[in-house]
There are 2 protein chains.
Amino acid sequence: MNTPQQIAEIFERYIALVNMPDEPQRLYAPIRYSLAEGGKRMRPVLTMLAYNIYADDIQRVLPAAAAVEVFHNFTLLHDDIMDNAMVRRSRPSVFAKWGSNVAILSGDVMMIEAYRHLQGVEAKFLPAVFERFNTMAAQVCEGQQYDMDFETQAKVAVAEYMNMIELKTAALLSGAVTIGAILAGASEEDVQKLYKFATEVGIAFQLQDDLLDSYGDEQLGKKIGGDILEGKKTYLMIISLSHATEAQREVLRTTHLNKKLSDEQKIAAVKEVYDAIGAKQMTEQQISVRISRALAILDTLSVPAERLGYMKSYVESLVGRKK
Amino acid sequence: MNTPQQIAEIFERYIALVNMPDEPQRLYAPIRYSLAEGGKRMRPVLTMLAYNIYADDIQRVLPAAAAVEVFHNFTLLHDDIMDNAMVRRSRPSVFAKWGSNVAILSGDVMMIEAYRHLQGVEAKFLPAVFERFNTMAAQVCEGQQYDMDFETQAKVAVAEYMNMIELKTAALLSGAVTIGAILAGASEEDVQKLYKFATEVGIAFQLQDDLLDSYGDEQLGKKIGGDILEGKKTYLMIISLSHATEAQREVLRTTHLNKKLSDEQKIAAVKEVYDAIGAKQMTEQQISVRISRALAILDTLSVPAERLGYMKSYVESLVGRKK
């Protein structure tokens with residue numbers, strides 16, 4: 001078995017060697033650019049860790065892991081156009097660097113590239129993996145649509161928000177994990193369990209992301225409060241709205257639009273309401289519940305406990321429980 | 001065997017019955033809208049005609065034919081954003097009706113929908129069909145990128161233009177035809193020949209499209225001269241530039257920018273140069289050569305001549321040789 005760290009390195013070497021055409025230059029250069037600064041490689045690592053629960057020859061799962069990672073990066077590329085986002089992983093986004101048309105078309109080719117990687121899946125597994133991949137892909141887009149719909153929707157219920165992140169964030173993780181398990185020959189029952197496991201992890205991961213945007217460590221280089229300044233409907237905002245008094249609700253809804261306040265004042269005003277309601281604790285509680293459920297599901301898989309250690313520690317590291 | 005007309009009707013009934021989710025509404029409504037007014041269904045008809053050369057049970061090829069058609073409609077959806085095109089098939093484009101963000105994301109899901117249709121391909125053919133489909137898809141995007149590059153490129157050689165339309169237009173036709181043939185169990189040799197056949201047809205079809213924009217029949221409801229007013233680098237423009245005197249070149253390059261001229265005057269000025277050079281005849285000649293080559297390739301396939309009649313007449317109808 002391989003540690004998450006080893007797996008990430010194996011994946012990094014694999015993706016660096018992927019051949020892509022040189023021409024047309026404006027089509028393929030943005031794809032290279034997107035894939036070069038890769039971030040955490042969380043999704044392919046999950047694919048490979050899931051595979052590694054059942055089988056040791058993890059080289060076999062690399063094409064599928066690459067398909068998931070390239071698809072993920074494609075979604076970022078198109079999301080950045082839709083969100084008008086100029087920065088991605090501390091660099092200019094493709095949208096900012098090359099403009100909207102290049103970002104649209106490069107994104108399209110990137111999705112096709114993701115499917116091309118699936119060509120490396122053995123024929124006997126291809127129908128099942130292809131079906132899972134397509135479902136995952138459509139879910140991610142559905143989640144992005146709901147997320148955009150929420151921007152103009154006056155009221156978003158907690159259940160609607162949970163459904164949205166289950167699609168937008170968790171579907172990629174459950175897709176990544178189940179594809180790894182299918183390729184390793186896991187039983188249908190275990191694949192189903194891993195789907196639920198990864199869904200819980202994905203939800204916890206998104207809640208953690210929402211939490212860090214308002215309560216993260218500035219020293220990690222990320223600016224705090226971006227979601228608050230955009231008036232974004234995060235988990236913190238939505239549970240706070242559902243518990244707020246009329247006066248607090250007014251603060252939550254209007255502060256980001258108040259031109260008389262500085263950014264710092266806006267962030268402080270909203271966080272004061274969050275704190276009064278206990279939004280941070282409620283979010284942490286929810287993350288904790290989801291991760292505990294996820295880990296409990298792992299224990300019901302039809303494998304010896306020692307096959308699960310790396311997956312468990314990796315998942316805990318994702319939500320900051322361990323390093 | 002089925003006539004092209006019968007095949008188009010079978011396809012139309014099939015695509016009308018395809019299920020799609022209702023929600024999120026803003027994601028799936030534009031896809032329904034795009035697929036409902038379908039145009040000629042040229043590509044799926046070609047897939048089914050190619051299949052029908054070798055086998056009679058054309059129901060089997062419907063999922064693959066749908067994949068090609070949905071992919072084609074996806075490209076139109078994204079092209080309309082990039083080209084800022086407000087009208088598609090005499091109706092508002094998705095981009096005009098719903099805006100850029102909806103068009104981007106609906107287009108993405110539409111590409112995924114195209115792949116979903118491929119799930120209907122029998123497992124034993126899936127790897128080969130999947131590979132062909134991915135190659136076709138990437139080529140179409142490469143062609144679109146070259147087409148956009150040409151807009152800002154001072155000089156475009158005839159060979160560059162031919163390469164562009166071979167990717168942007170012909171790749172979809174060669175993809176459509178070869179996938180039909182593969183699924184019908186055609187030999188590798190015949191599949192290769194059909195690839196060349198469909199490439200010639202695709203090039204002829206694009207040249208015909210370029211020709212009709214400047215010399216078409218206004219009574220068919222299409223406005224003449226749109227390409228000239230946009231200063232578009234069509235085949236007519238590119239061969240004219242390659243044969244023009246310095247004075248003619250000036251007219252070809254600058255007329256569409258001349259604010260003193262009415263649209264009618266611009267069109268007349270450019271067509272005067274086209275006529276002096278013989279651009280219409282050169283284009284017709286090129287179409288004729290391509291179609292003759294295509295039909296000659298068909299005659300070398302390993303099937304009795306009577307299997308080829310419908311494909312031949314359909315291809316001739318595409319370039320207006322027959323109705």
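These are legends for a set of close-up views of a predicted model. Local features here need pLDDT of at least 70 and side-chain atom pairs count only at pLDDT 80 or more, while totals for chains, interfaces and linings use all residues. Residues are numbered from 1 along each chain as its sequence is written, and chains are lettered from A and ligands numbered from 1 in the order in which they are written.

**View 1. H9(B) packs against H14(B).** Two packed helices are described by the angle between their axes and the distance between the axes. For helix H9 (residues 188–215) and helix H14 (residues 279–298) of chain B, the angle is about 160° and the axes are 8 Å apart. (Helices are DSSP runs of H or I with at least four residues, strands are E runs of at least two, and both are numbered from the N terminus; axes are lines fitted to C-alpha atoms, for helices over the stretch in contact, with angles running from 0 to 180 degrees between N-to-C directions.) That angle makes H9(B) roughly antiparallel to H14(B); the label goes to angles over 145 degrees, while under 35 is roughly parallel, 65 to 115 roughly perpendicular and the rest oblique. The crossing is left-handed, as the term is used when the near helix is turned anticlockwise from the far one by less than a right angle, with clockwise giving right-handed. Look for Phe197(B), Val201(B), Leu207(B) and Leu211(B) among the H9(B) residues in the contact, and for Ile287(B), Ile291(B) and Ala294(B) among those of H14(B). Contact here means that C-beta atoms, placed from the backbone, lie within 7 Å. By class, the two helices bring twelve nonpolar, three polar and seven charged residues to this contact. (Ala, Val, Leu, Ile, Met, Phe, Trp, Tyr, Cys and Pro count as nonpolar, Asp, Glu, Lys and Arg as charged, and the others, Gly among them, as polar.)

**View 2. H1(B) crosses H3(B).** Here the axes of H1(B) and helix H3 (residues 42–54) of chain B sit 9 Å apart, at an angle of about 115°. This crossing is right-handed. Pro4(B), Ile7(B), Ala8(B) and Phe11(B) come from H1(B), and they meet Pro44(B), Val45(B), Met48(B) and Leu49(B) of H3(B). The tally is eight nonpolar residues, with no polar and no charged ones.

View 3. The axes of H4(B) and helix H8 (residues 158–183) of chain B come within 10 Å and cross at roughly 170°. That makes the pair roughly antiparallel.

**View 4. Chain B meets chain A.** On each side, 31 residues take part. Helices H2 (25–36), H4 (62–82), H6 (100–118) and H7 (126–151) of chain B each give two or more residues to the side that touches chain A. H7(B) supplies the largest share, 14 residues. By class, the chain B side divides into 19 nonpolar, six polar and six charged residues.

View 5. Most residues other than glycine have a negative phi, and most peptide bonds are trans. The bond from Glu23(A) to Pro24(A) is cis, with omega near -5°, and Pro24(A) is in the loop between H1 (4–16) and H2 (25–36) of chain A. In chain B, the bond from Glu23(B) to Pro24(B) is cis too, with omega near -5°. Arg89(A) is not a glycine, yet has a positive phi of about 50°; this residue is in the loop between strands E1 (87–88) and E2 (91–92) of chain A. Arg89(A) counts as exposed, with 12 C-beta neighbours inside 10 Å. Arg89(B) also has a positive phi, near 50°, and is exposed, with 11 other C-beta atoms within 10 Å.

Key: Two residues are in contact if their C-beta atoms, placed from the backbone, lie within 7 Å. A residue is buried if 20 or more other C-beta atoms lie within 10 Å of its own, exposed if 12 or fewer, and partly exposed in between; C-beta atoms are placed from the backbone.
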